[in-house]
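Let's take a friendly walk through a protein structure together. Have a look at the sequence and the 3D view, and then read on.

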Amino acid sequence: MNYPSNFPQGASDASRTTTLMLGLPFDMAREQYANAIRLGLVKQSLLASTKFAQALQALEQATLGPWARRV
């Protein structure tokens with residue numbers, strides 16, 4: 001079968017797009033956490049922010065498996 005010359009790049013782009021779309025809910029959770037800190041609803045703490053980021057990363061890895069992003 002004759003594939004276009006840019007087929008490998010197109011497949012890579014599709015994979016990247018899929019990964020980004022699947023990660024969108026996790027990005028939204030990160031944004032909501034940041035907004036809660038800005039509004040004073042959550043106390044600003046480096047330790048708490050780190051724990052939140054680690055928990056969210058673990059959830060993303062468990063949920064998406066090989067499609068999860070590596071941070």
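Predicted model: local features only at pLDDT ≥ 70, side-chain atom pairs only at ≥ 80, totals over all residues.

Let's begin with the aromatic rings. A pair of aromatic rings is described by the distance of the centres and the angle of the planes. This structure holds one aromatic pair. Its partners are tyrosine 33 and phenylalanine 52, whose ring centres are 4.1 Å apart and whose planes meet at 10 degrees, so the pair is stacked; the cut-off for stacked is under 30 degrees. Because tyrosine 33 lies in helix α1 and phenylalanine 52 in helix α2, the pair ties together parts that are 19 residues apart in sequence. How well covered are the two partners? Tyrosine 33 has 16% relative accessibility and so counts as buried, while phenylalanine 52, at 26%, counts as partly exposed.

Next, find glutamate 60 in helix α2, which covers residues 46-64. Is glutamate 60 buried or exposed? With a relative accessible area of 1%, glutamate 60 is buried, because buried means under 20%. Leaving aside residues up to four places away in sequence, glutamate 60 touches Gly23, Phe26, Arg30, Gly65, Ala68 and Arg69.

Leucine 24 belongs to helix α1, residues 7-38. Its relative accessible area is 39%, so leucine 24 is partly exposed.

Notes: Residues numbered from 1 in each chain as written. Heavy atoms only, no water. Helix = DSSP H or I, 4+ residues; strand = E, 2+ residues; numbered from the N terminus. Buried < 20%, exposed > 50% of the residue type's maximum accessible area, 1.4 Å probe, protein only. Contact = heavy atoms within 4.5 Å. Phe/Tyr/Trp six-rings, centres within 6.5 Å; stacked < 30°, edge-to-face > 60°.
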